Amino acid sequence: QKDLNLSSLLKLLPEQEQLNSLSEMKDEYEELAESEQFGVVISSVKRLKPRLSSILFKLQFDEQVNNIKPDLVAVKAACEELQKSESFAKLLEITLLLGNFMNAGSRNAKAFGFSISYMCKLRDTKSADQKQTLLHFLVEMCQEQYPEVMNFSEELTHVEKASKVSAETLQKNLDQMGKQIKDLEKDIETFPPPQSDRDKFVEKMTISFTSSREQFVKLKLMHENMEKQYEDLGKYFVFDPKKMSPEEFFGDLNNFRNMFQVRTQPAVA
């Protein structure tokens with residue numbers, strides 16, 4: 001609530017010229033309307049707008065961290081889960097063998113691999129009588145011959161969360177946070193001496209800045225580690241991480257995961 005009130009105040013704050021004019025009316029304070037009295041009071045505060053902007057940043061910083069950090073953790077964890085999952089690796093092997101068997105004699109035969117997006121297309125390939133899809137056949141084959149792969153989704157618990165993470169938005173938010181910290185540092189360095197012993201702005205903001213900068217450095221490091229982990233995943237699954245974003249990759253994987261799970265459910269009579 002505090003940050004909303006402060007944000008509204010910043011938007012409605014008069015320009016400095018208007019504040020200067022209001023400060024000249026302090027001798028007429030008792031005769032002014034309540035809104036003008038408020039203007040006279042705040043006009044006496046030096047560099048009011050930078051103060052309010054800095055305080056607003058302090059109030060919103062923890063929320064920004066809490067919005068970014070879980071996304072970083074989700075993508076990194078999903079990358080690790082995929083590379084460690086033996087059941088999913090086995091499922092990919094079975095899918096490749098099935099695809100090569102079906103494509104025997106064609107130019108697509110003897111493939112060494114396939115894109116994750118291909119997994120979602122298994123539902124589109126149907127039998128001659130149109131009663132069964134390739135995905136359905138794969139699930140039935142795994143249930144009968146390879147039961148160890150049926151619970152692969154339990155090893156990929158962070159995939160759904162990672163599929164909703166926008167790498168572009170993450171970078172934009174981190175860049176914005178970095179700029180805000182630089183602006184706060186500049187404001188602290190150039191701020192005039194305190195107007196009174198009660199003016200603790202620079203003292204409080206210096207403490208806040210130090211803490212915020214430390215948290216930001218940790219977030220940046222987490223982001224770099226996440227990007228490195230995703231690059232490693234690209235090498236592992238042989239795709240270009242610069243051409244396929246985490247949102248796209250994990251989105252395709254999560255769609256397949258959901259379709260596979262639906263096919264494992266018993267039919268309702």
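A nonpolar core is a set of buried Ala, Val, Leu, Ile, Met, Phe, Trp, Tyr and Cys residues joined through side-chain atoms within 4.5 Å. With that in hand, here are the views of this predicted model.

View 1. Reading from the N terminus, the elements run α-α-α-α-α-α-α-α-α-α-α. Of the 269 residues in the protein, 37% are buried. Among contacts with a separation of 6 or more, 74% join residues 24 or more positions apart.

**View 2. The largest nonpolar core holds 53 residues.** Leu82, Phe88, Leu91, Leu233, Phe249 and Phe250 touch the most other members. Elements giving two or more residues to this core include helix 4 (48-84), helix 5 (86-102), helix 10 and helix 11 (246-264).

**View 3. Here is a closer look at Leu82 and its contacts.** Setting aside neighbours within four places in sequence, Leu82 is in contact with Phe88, Leu156, Leu233, Tyr236, Phe237, Phe249, Phe250 and Leu253.

**View 4. Helix 9 (residues 167-190) packs with helix 10 (residues 201-237).** Their axes lie 10 Å apart, at an angle of about 155°. Angles over 145 degrees count as roughly antiparallel, and helix 9 and helix 10 are therefore roughly antiparallel to each other. Their crossing is left-handed.

Terms used: Residues numbered from 1 in each chain as written. Predicted model: local features only at pLDDT ≥ 70, side-chain atom pairs only at ≥ 80, totals over all residues. Heavy atoms only, no water. Axes fitted to C-alpha atoms, helices over the stretch in contact; angles between N-to-C directions. Helix = DSSP H or I, 4+ residues; strand = E, 2+ residues; numbered from the N terminus. Parallel < 35°, antiparallel > 145°, perpendicular 65-115°, else oblique. Left-handed = near helix turned anticlockwise from the far one by under 90°. Buried < 20%, exposed > 50% of the residue type's maximum accessible area, 1.4 Å probe, protein only. Contact = heavy atoms within 4.5 Å.
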